[in-house]
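Visitor: Could you take me through one part of this model up close? I'd like the strand pairing first, and then whatever you can say about the ligand's surroundings.

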Amino acid sequence: MPARDPPDPLDAALRPPIDETAEEKILRLAQEAEARRVSHQIDEDIKRERTSRKKRQVVRLLLLGQSESGKSTTLRQFQRLYTPSAFRDERVLWRSVIQLNVVRSIRTILDTVSDVRVRELPVSSASEASDDESYERARLPFHLETIAMRLLPLRHIESLLVAKLVPPNEEEATHLGVYHGDDPHRRHHHEIFVRPGATWKGGMLHRTRIPGRPTSAGTTGQETHDESQEALGQCCEDMIALWNDAFVQDILRKRKMRLEESPGFFLNDLQRIASTNYCPSDEDVFRARLKTVGVCEYKFEMEAGFESGTEWRIIDVGGSRSQVATWVPFFDDVDAIIFLAPISAFDQTLVEDKSVNRLEDSVLLWKAVCSNKLLEKVELVLFMNKCDILDRKLKSGIRLSKYLRSFGDRPNDLDTAQKFFRSKFSFIHREHSPQPRKFHGYFTSVTDASTTSGILASVRDMVMREHLRKAKLLS
Ligand SMILES: Nc1nc2c(ncn2[C@@H]2O[C@H](COP(=O)(O)OP(=O)(O)OP(=O)(O)O)[C@@H](O)[C@H]2O)c(=O)[nH]1
Ligand SMILES: [Mg+2]
């Protein structure tokens, strides 16, 4: 006969007494129900505590600022610093963006020179024209007409690149610059943009990755036959000739078109970029321009030090006017904001509204962010960005006081201008914050990895310290 298990003492203790009366039963059931309720409550508390502890270990950082202020470039700098191998692997994907940036710059030049008026020609050629004729379109010099003909294949390349970079259902992005006859104001060069989640990268990575191929400094081993790259190679000499042509430079100067300072400018690197084995360098990736529409979130985990295990979420939003309204939902639960104000833009207007000065727009946005009640406990970090361009502009003789009367007769140099901007932005911060908070202001050129990495490390430390301090206060 098999041995019988000893009786379960717990089972025996929990079993209702044999001689239990009806009243005792009601009382017992009520006590059991209460015990279950308390136990359930404890479970819930533990669960909530665990989620909140987990939540406290997620640091949220939001990037704000007008379009072209440098938000996505700052995000790329974070990626390079904290997930370097993923950043390196993705560099090759930026080649198409850079190709498109090049093709668009060339198109801008060709559209501009083909729209030249007689009065804009050098004095000798224009002197015989009457007043009326001087507003008529001038003939392109023969050598430029030839170059323009030879660069026609780039139009096809532009459509190919748009198809590659923009999801098929993104109709708006494929509205390319439409030529509207004589009226230069009716030309629309819609910018190419990327939707949230960087699906363009996903799609391209899928197409271009060759598993197991070694990667090295200049090339990634991921290059495949690329029609656009081939076309750029074939057009390289003509593109260089066009960009360096004296007539072209003269027209660009007269029209105050400073292409060198515009986003996605690569015309001084054509020889390198048009070569067959071209793979973008880190710097190229920072200089490339791809407008953000919607929201991109980048997550990474700190691997070392006291922050080990902390997850960081950096949220990059689109900065154009129509998208500013979409920022608010991201204000909830954010630890810090990096606000980018391109202080070089004092002499520029918004792409989306030519009547609005870019600097003024940045100041108004900064004021709105500082005074927002939802953000009163959030650390605000200000990047007064594009200092490299500001420096070049001031050195080229553009006077800040012409655009900012309050600058007065101060010396027109970088140092003075930076101090001036710092005092303006910190004043707004002080006056408009709902409660006092520290001003964290930096002068940046976020395309420059060497200066930006130190700044990002300081910002990271400050944000982390504040995050831990708030978490402690909460616990
Ligand atoms: N020279 C220079 N160029 C910069 C600097 N910061 C950003 N850029 C360039 O300016 C362009 C626009 O930068 P983005 O980071 O795309 O701007 P954004 O704020 O994300 O713009 P949206 O996505 O439209 O909201 C890119 O081509 C960058 O390379 C800077 O400090 N100096
Ligand atoms: Mg962006």
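Visitor: Which residue in E7 stands opposite alanine 336?

Guide: It's glutamate 379 that faces alanine 336. Before we go on, this is a predicted model, where local features need pLDDT of at least 70, side-chain atom pairs count only at pLDDT 80 or more, and totals for chains, interfaces and linings use all residues. Residues are numbered from 1 along each chain as its sequence is written, while chains are lettered from A and ligands numbered from 1 in the order in which they are written.

Back to the strands. E6 (residues 336–342) and E7 run parallel, joined by seven bridges; strands count as paired if DSSP finds at least two bridges between them. Helices (H or I, at least four residues) and strands (E, at least two) are DSSP runs, numbered from the N terminus. Seven of the seven residues of E7 (residues 379–385) are buried, so the rest of the structure largely encloses this strand. Here buried means 20 or more other C-beta atoms within 10 Å of a residue's own, exposed means 12 or fewer, and partly exposed lies in between, with C-beta atoms placed from the backbone. Glu379, Val381, Phe383 and Asn385 point one way from E7, and Leu380, Leu382 and Met384 point the other way.

Now the ligand. Around ligand 1 sit 25 residues, the closest being Gly70, Pro263, Arg289, Thr292 and Gly319; to be near, a residue needs its backbone-placed C-beta atom within 6 Å of the molecule. By class, that shell has four nonpolar, 14 polar and seven charged residues. Ala, Val, Leu, Ile, Met, Phe, Trp, Tyr, Cys and Pro count as nonpolar, Asp, Glu, Lys and Arg as charged, and the others, Gly among them, as polar.

Thr292 belongs to strand E3 (residues 291–292). Threonine 292 is buried, with 22 other C-beta atoms within 10 Å. An unreviewed UniProt entry places the feature "binding site" at Thr292; such annotations may be inferred rather than shown by experiment.

Helix H3 (71–82) gives the shell its largest share, three residues. Nine of the twelve residues of H3 are buried, including Lys71, Arg76 and Arg80. Its end C-alpha atoms are 17 Å apart, which agrees with the 16 Å its twelve residues should span at 1.5 Å a residue; that expected span is 1.5 Å times one less than the number of residues.
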